[in-house]
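Please write a short report on this protein model.

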Amino acid sequence: MADAGQRTSNSDRFKILVATDCHLGYEVKTKRAQDSDSIITFEEILKTAQERDVDFILLAGDMFHDPKPSQRIILESLNLLKKYCAGKRAIPFELLSNPKDIFPNKMVNYEDENMNISIPVFSIHGNHDNPNFESTGTLDLLMASGLVNYFGKWSNLQQIKVTPMIFQKGETLVAIYGVGYLSEQRLSRLFREGQVHFLRPSNIGKCFNILVLHQNRARHSENDYIEENRFPPWFDLIIWGHEHECRISPEVIQCREGSTYDICQPGSSVATSLSEGESVPKHVGLLLIQGENYRMRSIKLKTVRPFFFGNISLSEIMEKGYCDYSPEGIVEYIDDYIKNTAIPAGKKMLSGHEDQPKRPLIRLRIFYTKEYQNLDTSHLSHKYNDLVANPGDMLIFKKEKAPGEKKVKNDHFADLTEDIAECFRHDTDDPQEWTKTVQSGITKFFEQNDYQLQVMSLAGINEAVHRCVVSGDSDAFAQVMEHQIKKSIDYLMTKDGEANAESVLAQLQMYRAERKMKDEEDEELKEVQDMLNNPAQRSVPAAKAVDVSPDDGSSTAPARGHSRGKSTTAKTPRASSRGRGTRGRGRGMATLDSIIVRHPTPIDKDDSGDDITAFKRFAAPSSQRANPNTQTTKSQKKPLYIDSSDSE
């Protein structure tokens with residue numbers, strides 16, 4: 001790509017700060033000494049945007065760590081956004097799109113006559129701040145406050161039509177498409193069925209096309225990730241949220257139709273797990289766009305807590321004679337490694353920024369081959385309590401399999417128990433990655449062995465695992481069991497037969513066989529998700545009747561914890577909007593063509609498609625359009641107004 005940062009006119013060049021996965025409020029639920037890490041770095045991001053005089057900030061999801069963060073976290077985020085993003089600075093670009101088609105509150109904040117915005121913030125939701133169980137989330141509140149423009153939110157999950165935000169600055173046009181988090185299984189299915197539509201403008205000049213999304217990029221199991229090459233070839237750049245490893249330099253991806261686009265993965269601004277990917281230095285991006293050319297400049301964050309990640313193979317260090325074979329010798333070596341390698345490495349990561357936390361995060365994976373090497377090292381936690389931010393979990397022991405070692409199975413009950421337990425063993429520190437791999441393991445276990453579920457379904461079990469581990473929904477198993485017991489009873493009531501155990505068992509086996517033959521796994525998963533997402537369907541007395549509810553009598557209402565989350569079908573509430581006659585800005589109309597993403601049908605880059613829609617901005621006298629507190633540039637392009645009857 002040509003360098004958009006050299007020999008260019010600022011009147012034509014977009015300057016955008018790109019970041020993702022700020023996870024505000026992460027520290028509230030961790031036992032580590034990370035008091036305000038996310039808030040400190042979020043302020044650095046906003047301050048960087050202000051100092052670099054960017055046009056706007058673009059966030060790719062997970063601004064918050066929880067769908068319902070604490071009031072303190074919401075207050076601190078509002079104060080920071082107001083401090084750095086509010087003001088009377090001129091807005092040097094225009095929005096050609098109709099905000100009613102993009103934002104749930106029907107308007108963009110810097111056009112609100114009651115607001116003074118100097119740096120607009122545009123954000124999609126991620127899996128953590130997804131309004132999971134209710135249609136209103138924290139980003140909706142920030143949008144109502146006038147400090148964030150929330151886009152990429154869906155109410156129809158059977159078909160997705162993505163309307164872009166089309167911005168113009170001088171002669172440069174940028175179209176930004178937002179896809180807020182959806183479960184990978186659902187989004188993959190929509191892609192396969194051709195139910196994802198990206199609308200393209202057809203009556204304006206060529207746009208620089210950006211897609212912002214928040215999904216798994218790394219493959220964990222089948223259909224739990226989104227393939228890099230799945231998107232239309234006319235995209236120029238994809239900003240990929242959710243993955244925490246910083247890969248800020250754009251990577252060229254060969255798409256299915258033969259052409260290429262670039263993917264930029266900014267990574268998180270705070271370490272929320274002690275994984276190797278989180279230890280990579282963290283950056284935000286300064287995206288410069290002029291015409292069809294762009295450049296992504298990497299800006300290293302200076303307030304991120306130091307994080308050292310290391311691996312120790314006990315068999316290797318013993319072979320080299322670095323320690324003896326005794327437990328005492330192993331502990332002595334680990335102690336020495338922490339003191340003379342890990343902590344000094346953490347000190348070298350200090351940037352000198354006055355707000356950067358000083359105590360480092362340390363994670364050492366100790367690989368052992370003999371059981372006696374799996375040692376109790378709790379005394380090391382006490383020893384380094386004042387020197388390390390996470391003394392309680394800086395060490396983790398992992399069993400290292402010998403080359404060629406294979407598991408021998410037999411028919412004893414002990415081996416059945418071990419087989420099931422093996423489903424829950426996965427080498428990761430990320431609970432969300434863990435639960436997806438466990439789900440795959442459970443499914444494979446029942447498929448590869450001759451064990452049949454009679455009442456519970458695999459879809460129900462896996463969804464309960466997901467909700468329990470990721471969402472903290474401790475009632476999920478009880479609710480799923482109650483739901484599927486009721487379904488089984490309803491089925492049995494429609495059948496004639498003797499009321500004995502043998503007859504009931506036969507009917508249940510027949511019921512399961514019928515559903516399996518009809519391939520109703522997706523339908524059953526949707527039923528379970530809808531039940532768990534709807535508080536009215538979650539039966540508290542019924543859960544207690546099967547004696548699996550919490551001992552403390554806690555409610556079975558949906559968990560409000562952090563979650564990858566399953567999307568609901570609840571309709572997004574639409575706030576009433578001010579008349580565009582008072583705030584319209586005389587933008588050109590952009591007619592849209594719908595591009596339906598199908599596979600393997602090729603998409604011609606120059607084909608405008610069949611479905612036509614229009615962007616419409618209502619005409620109004622300039623005296624009624626101007627915000628007295630916000631200066632804007634006027635488009636030299638004569639607006640084209642299309643009657644609503646001309647668009648589908």
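Asp-62 lies in the loop between β2 and α2 (71–85). Helices (H or I, at least four residues) and strands (E, at least two) are DSSP runs, numbered from the N terminus. Asp-62 counts as buried because its relative accessibility is 1%. Buried means under 20% relative accessible area, exposed means over 50%, and partly exposed falls in between (1.4 Å probe, protein chains only). The phi of Asp-62 is near 55°, a positive value in a residue other than glycine. Most residues other than glycine have a negative phi.

This is a predicted model: local features need pLDDT of at least 70, side-chain atom pairs count only at pLDDT 80 or more, and totals for chains, interfaces and linings use all residues. Residues are numbered from 1 along each chain as its sequence is written, and side-chain values use heavy atoms, with hydrogens and water left out.

**Confidence**

pLDDT is the predictor's confidence in each residue, from 0 to 100. The protein chain averages 76. Of its residues, 68% score at least 70. Among the elements, strand β2 (residues 56–59) has the highest mean pLDDT, 98. Strand β20 (residues 611–614) has the lowest, 31. Over residues 1–8, pLDDT stays under 50, and the model has 19 contacts there beyond four places in sequence. Contact means heavy atoms within 4.5 Å. Residues 540–587 also stay under 50. For that stretch the model has 143 contacts beyond four places in sequence.

**The whole chain**

The protein chain has 16 helices and 20 strands. Of its 648 residues, 55% are buried. Take the contacts between residues at least 6 apart in sequence: 78% of them join residues at least 24 apart. The chain exposes about 29,000 Å², and carbon and sulfur atoms supply 49% of it. Such areas come from the Shrake-Rupley method with a 1.4 Å probe; for residues, only the protein chains shown count as cover.

UniProt, in an unreviewed entry, places the feature "active site" at His-128. UniProt positions are given in the numbering used here, feature names are shortened, and annotations may be inferred rather than shown by experiment. His-128 sits in the loop between β4 (121–123) and α3 (138–145). Its relative accessible area is 4%, so His-128 is buried. The side chain of His-128 reaches the backbone oxygen of His-65 at 2.8 Å. A polar contact is a pair of N or O atoms within 3.5 Å; within protein, one must be able to donate a hydrogen and the other to accept it, and residues adjacent in sequence count only if both atoms are side-chain atoms.

Lys-106 is in the loop between β3 (94–95) and β4. Lys-106 has a phi near 75°, positive in a residue other than glycine. Its relative accessible area is 19%, so Lys-106 is buried.

Ser-118 is in the loop between β3 and β4. With a relative accessible area of 8%, Ser-118 is buried. Leaving aside neighbours within four places in sequence, Ser-118 is in contact with residues including Tyr-84, Cys-85 and Arg-89.

**Helices and a strand**

Helix α4 (residues 184–192) has buried residues, among them Leu-187, Leu-190 and Phe-191. After α4 comes Gly-194, whose phi is positive, near 70°.

Helix α11 (residues 476–493) has 18 residues. From first C-alpha to last, α11 reaches 26 Å, close to the 26 Å expected at 1.5 Å a residue. The expected span is 1.5 Å times one less than the number of residues. Buried residues of α11 include Val-480, His-483 and Tyr-491.

Ala-459 is in helix α10 (residues 458–470). At 7% relative accessibility, Ala-459 counts as buried. Phe-208 is in strand β10 (residues 208–214). At 1% relative accessibility, Phe-208 counts as buried. Not counting residues up to four places away in sequence, Phe-208 touches residues including Leu-173, Asp-236 and Gly-291.

Here are two pairs, with C-alpha to C-alpha distances.

| Pair | Apart in sequence | Apart in space |
|---|---|---|
| Ala-459 and Val-528 | 69 residues | 8.0 Å |
| Phe-208 and Gly-291 | 83 residues | 7.1 Å |
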